[in-house]
Amino acid sequence: QVQVVESGGGLVQPGGSLRLSCAASGTIFSDNTMTWYRQAPGKAREMIASTHSGGLTNYADSVKGRFIISRDNAKNAMYLQMNSLKPEDTAIYSCRLYHRSTRGIPYEYWGQGTQVTVSS
């Protein structure tokens with residue numbers, strides 16, 4: 001059974017920084033994609049950034065240039081360095097792991113989310 005756990009959320013002032021972590025455990029196939037999403041109250045869930053085990057990364061325009069995604073394949077971990085935070089970045093941030101089995105069957109796993117609040 002794969003488990004995904006986020007950590008690192010909290011309260012930060014506008015302009016500040018925060019680093020989120022996502023740790024995956026269990027049987028994880030080497031070809032996988034890990035993605036950060038966020039959802040603010042009353043808004044749809046938004047893809048923030050993704051990273052493939054092969055090295056490719058992708059960012060939403062809303063965070064490009066401010067957030068940096070990284071991963072440690074050996075630890076099955078992913079990180080999100082968030083800089084120049086704005087009040088509109090306030091949301092619950094969740095981690096998603098996607099991989100395919102050797103038979104090509106897709107699986108996805110979600111963490112429980114971590115709250116990020118940007119406020120003075």
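Buried here means under 20% relative accessible area, and the legends below describe close-up views of a predicted model.

**View 1. The disulfide between Cys-22 and Cys-95.** The sulfur atoms of Cys-22 and Cys-95 lie 1.9 Å apart, and the count of disulfides comes to 1. This pair links distant parts of the chain, with Cys-22 in strand β3 and Cys-95 in strand β9, 73 residues apart. Because the torsion about the S-S bond is about -65°, the disulfide is left-handed. Both Cys-22 and Cys-95 are buried.

**View 2. Strand β9 and its pairing partners β4, β10 and β11.** Strand β9 is mostly covered, with 7 of its 10 residues buried. β9 pairs in the antiparallel sense with β4 over 8 bridges, where Thr-35 has Arg-96 as its bridge partner, and with β10 (residues 106-110), again in the antiparallel sense, over 5 bridges, where His-99 is partnered by Tyr-107. In the hairpin of β9 and β10, 5 residues stand between the strands, and Gly-104 takes a positive phi near 85°. The antiparallel pairing of β9 with β11 extends over 3 bridges, and here Tyr-93 stands opposite Thr-114.

**View 3. The largest nonpolar core and the surroundings of Tyr-93.** This core has 29 residues, and those with the most contacts inside it are Trp-36, Leu-80, Met-82 and Tyr-93. Among the elements that give two or more residues to the core are β3 (18-25), β4 (32-39), β8 (77-82) and β9 (91-100). Leaving aside residues up to four places away in sequence, Tyr-93 touches several residues, including Leu-20, Trp-36, Ile-48, Phe-67, Leu-80, Met-82 and Val-116.

Notes: Residues numbered from 1 in each chain as written. Predicted model: local features only at pLDDT ≥ 70, side-chain atom pairs only at ≥ 80, totals over all residues. Heavy atoms only, no water. Core = buried A, V, L, I, M, F, W, Y, C linked by side-chain atoms within 4.5 Å. Buried < 20%, exposed > 50% of the residue type's maximum accessible area, 1.4 Å probe, protein only. Helix = DSSP H or I, 4+ residues; strand = E, 2+ residues; numbered from the N terminus. Contact = heavy atoms within 4.5 Å. Disulfide = S-S within 2.5 Å. Pairing = 2+ DSSP bridges.
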